[in-house]
Structures are given as C-alpha cells and as structure tokens.
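Student: I'd like to learn how to read helix packing, cavities and pockets. Can we work through an example together?

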Amino acid sequence: MSVVCSRLAPYTRHGIRCHCKASKTYKCKLLVVGGGAGGCSVAWRFSRRMKENDIILLEPSTIHFYQPAFTLVAAGVKTLEQSYKSVPKLLPKSVTWLHDKAENFDPCQNLVYTWNGDKVYYDFMVIAVGLKNDYDKILGLRKALDNPCSTVSTIYSPFYCTKTWRNLQEFSGGHALFTFPVKAGKCAGAAMKIMFLAQDYWRKKKIACRTNITYNTGAEAMFGIPKYSESLKKLAASRGIVPNYLANLVEVSPSGALFQGPGGETISLPYNILHVTPPMSPPGCLLKCAGLTDAAGFLNVDERTLQHKQFFNVFGLGDCTNTPNGKTAAAVAPQSYVLEQNLARVMAGKKPTAKYNGYSACPLLTSYNRGILVEFLYNKKVWETFPFDQSKERRLIYHLNKYIFPHLYWRRLLKGTWNGPSTVRNIVNPFRL
C-alpha cells in the first residue's frame, strides 16, 4: 500500500524562507533519527557491525542531556552542567553526525527531509525522536514558566528545572501544588520524585508545619502499577500530602490553577508554588506522516520486535513508539538490544526473532537519602532485580540513582553495551516470582 506524507516545500525557519545554502542529498545504509539515549545506543551498536560512513545520525542538538538528572538539579543535589555532554564526543567516529532535524518522512521512497531542506536516503532507518512537551495545551503555562518572577516551574525541561530549585529555596510556606496530566509521558515517577524531595527539603528548613502539599493527577491512582501505587499512597499520607485523582490541569494563572474532572466539571486551586508535568506528544515530524504512526501519532511498531508494522526496513525505540511500556531511560537498554538483534537479521534477509518484554524501571526518590525502585514488564507485571521488596524505602536506591545509574547511562547505555539488569537479576534474585 502506498503512503503519501505531507511535504513542506520550500522549507522555512521560524516562518522565513531559508536561502542560506543549497540543498544536499545524503545516502546511507542506516539512518538513525534522533540522538537521545535510544539513538546513541543504536548508533554505537551498529558502528561495530558496519563500515565507516554507513551510518548517519540525524540530530539537531549539540548537547545530550541525561534527563533523569533534572530532578536532582531541581532539588539542589547536582548542577545543570553535570547533566549534559557534547553530542560529537558521545558518538563513535565512524558515524556521520548530520547536525539537522527531521522535518518529514517519506518511507515509500526510503527518504527523510530535513529542516534545512536536505534529503537523506536510507536502506534501513531507526526512529528515536522522543517526545515533546506540549506547554501550549495548558492555557497560560508557557507564559508562567517563562516569567522569572512566577513560582511555576517544571523539571521536565533543562530550561526550567533550575527555576524549580530556586522556587523551592524561596518558598516560605503555604500551598504547594504538584500536577500530572491525564496522558502520561516520559518518566511518570519524576512528578512525584520532586514532590517528595521538596517535602523533605522543607522539613529540613522547618517550614513543613506551615506547608500544605497537594498532588493533582489526571490518573486514577498514584502510579500505574498497583503494588507501587499503594506504597506511594501510604508514603504521601504519612507526610501530609493530599492526592486528588482524575484532576487534569487545563489553565494556569497568577490567581490559581484550573483543573477539569472527567465529567467536564472544573475547580480552581490557589497556590504559592506550582510544579507542572506538561502533556507530551510525539514531535511534528512524526505527526506529519500518518503512514508511520498510529492514531495518536506514535511510531507504529510491533511491541515485541520493535519493527514497524508496515515498513520492514524501519524500526523504532524509546518514548516516540506506541509500545505500552513505561517511557523511561531504563527501557531503552533492553529495547536497543532487541532492536540490534532484529535489525541485523532483517539486514541479512531474515525475520526478526528477538522479543522485548516491556521492561521499564524508575528509581523514585522519596527523600534526600531514600527511595523505592519501580520495575515492571508489559501487563503491569512486577519484575524486581533485588531480593527484597523494592516498594519500601531504602538508602540503596538513592545512592543508585545519584551515582550508579548516571555511570551506567554515560559509560554503558549510550555506548550500546548495557542490555538492562537481567544478568544482575539472575544472580542476586534467581527465585523471583
């Protein structure tokens, strides 16, 4: 079946026609679209299998962020400078970095159009473009975030997580409001991480007694996995945090935050400090090509093999796919391994056989020295690494999050040598259910 994707021609930058250079045409055996965790891992894995100049990685940013660090930045544990590194230094020398972004896809022609008007032809393609923050879906949010004098912030962006830390320091009591949207995006636990850390920080400052904390979530529970949801609910109650369910943030103003219930009813809550988890969606380049996506705009791949359901030479991983797993950096490790095995077989004219089981994890900090470790598979099956109950607070989880996981990310995951904790799990917890 033929697929026609909308094409933007001529290409523009910020609404102005771009005549800065003549368009170019590139050709490669493997095109990796996106230089996040998934894209870097795949580029490294196939750099060991393919020749120099066989791989192009298309990525517009010159810096790569370790996004789980944003919570620690917002809590004053780390600086923003400790959360990123230069993209060229992270990639293997044999991979060509095309400093541009995907503007549109034409999978029938094995072609990607870039923002600068160039064309990239490929034999095989891996899409790992992540998610974007849809600030404008909440009326007044972007204005509030950009206002340096407001007490509205979010840890889901490097542009605003430092503002969160400033707001936490300047807060002297009152109503602290934390939100989570109806549609979960990446790392659902991060919204609660910063809430628990804020409560612990204010406790140490001895202002917890004059602070009311509310967690308004559009979901029906604190977390999507019942075991961890129950644990988090008890933790919140023990610390005086009040959760409100099925309450979706729709508007932010200096006078209050407006929430909408499932029946369309609304309620406005005043706040002294507001942390927002913005709605998230796939980037525009995917939304323009219905042939690659499902009805919601996510890359339409087989949840087990990660191969596109229509185009055999297209694979995807990470947050932009429609696989029903938790969208975390931890999920990229097993995904990139499965993708490598299957794409290599497809390149050799064989059928994919490796299966992704939906593994995802979230080290959810509950204070400045403790946390719980969420691990699960498809169908919300709990799949813990350690031989103890990971839904209970432990010092080990905090130290893993602060020291070990960043090391694994920069040294192993991005370089395609970390397939997830399955080997460790088989050693330390062989009798798990």
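Tutor: We'll take the helix pair, then the cavities, then a pocket. This is a predicted model, in which local features need pLDDT of at least 70, side-chain atom pairs count only at pLDDT 80 or more, and totals for chains, interfaces and linings use all residues. Residues are numbered from 1 along each chain as its sequence is written, and side-chain values use heavy atoms, with hydrogens and water left out.

Student: How do I describe two packed helices?

Tutor: By the angle between their axes and the distance between the axes. Here, α1 (residues 37–47) and α9 (residues 329–347) pack at about 45°, their axes 10 Å apart. That makes α1 oblique to α9 (under 35 degrees is roughly parallel, over 145 roughly antiparallel, 65 to 115 roughly perpendicular, and the rest oblique).

Student: Which residues of α1 make the contact with α9?

Tutor: Ala37, Gly38, Ser41, Val42, Arg45 and Phe46 do so from α1, with contact meaning heavy atoms within 4.5 Å. Among their partners on α9 are Val332, Tyr337, Leu343 and Met347. The contact divides into 10 nonpolar, 3 polar and 2 charged residues.

Student: And what counts as a cavity or a pocket?

Tutor: On a 1 Å grid over the protein atoms alone, a cavity is a set of points where a 1.4 Å probe fits but cannot get out; a pocket is an open set with protein on both sides within 12 Å along at least five of seven lines; lining residues have an atom within 4 Å of a point.

Student: How many cavities of 30 Å³ or more does the search find?

Tutor: The whole structure has 2. The largest holds about 50 Å³, and its lining includes Ser153, Phe178 and His275. β19 gives the largest share of that lining, 3 residues, and the lining splits into 5 nonpolar, 3 polar and no charged.

Student: What about the second largest cavity?

Tutor: Its volume is about 30 Å³. Asp319, Asn325, Lys327 and Gln335 are among the residues lining the second largest cavity, which by class has 1 nonpolar, 7 polar and 2 charged.

Student: Which residues lie nearest the centre of the second largest pocket?

Tutor: Ala184, Ala188, Gly224, Asn325 and Gly326, out of 33 lining residues. This pocket has a volume of about 770 Å³. β14 (211–217) and β22 (360–365) each supply at least two lining residues, and β22 has the largest share, 3 residues. By class, the pocket lining has 19 nonpolar, 11 polar and 3 charged residues.

Notes. Points joined across faces, edges and corners; volume = space filled by probe spheres on them. Helix = DSSP H or I, 4+ residues; strand = E, 2+ residues; numbered from the N terminus. Nonpolar A, V, L, I, M, F, W, Y, C, P; charged D, E, K, R; others polar. Axes fitted to C-alpha atoms, helices over the stretch in contact; angles between N-to-C directions.
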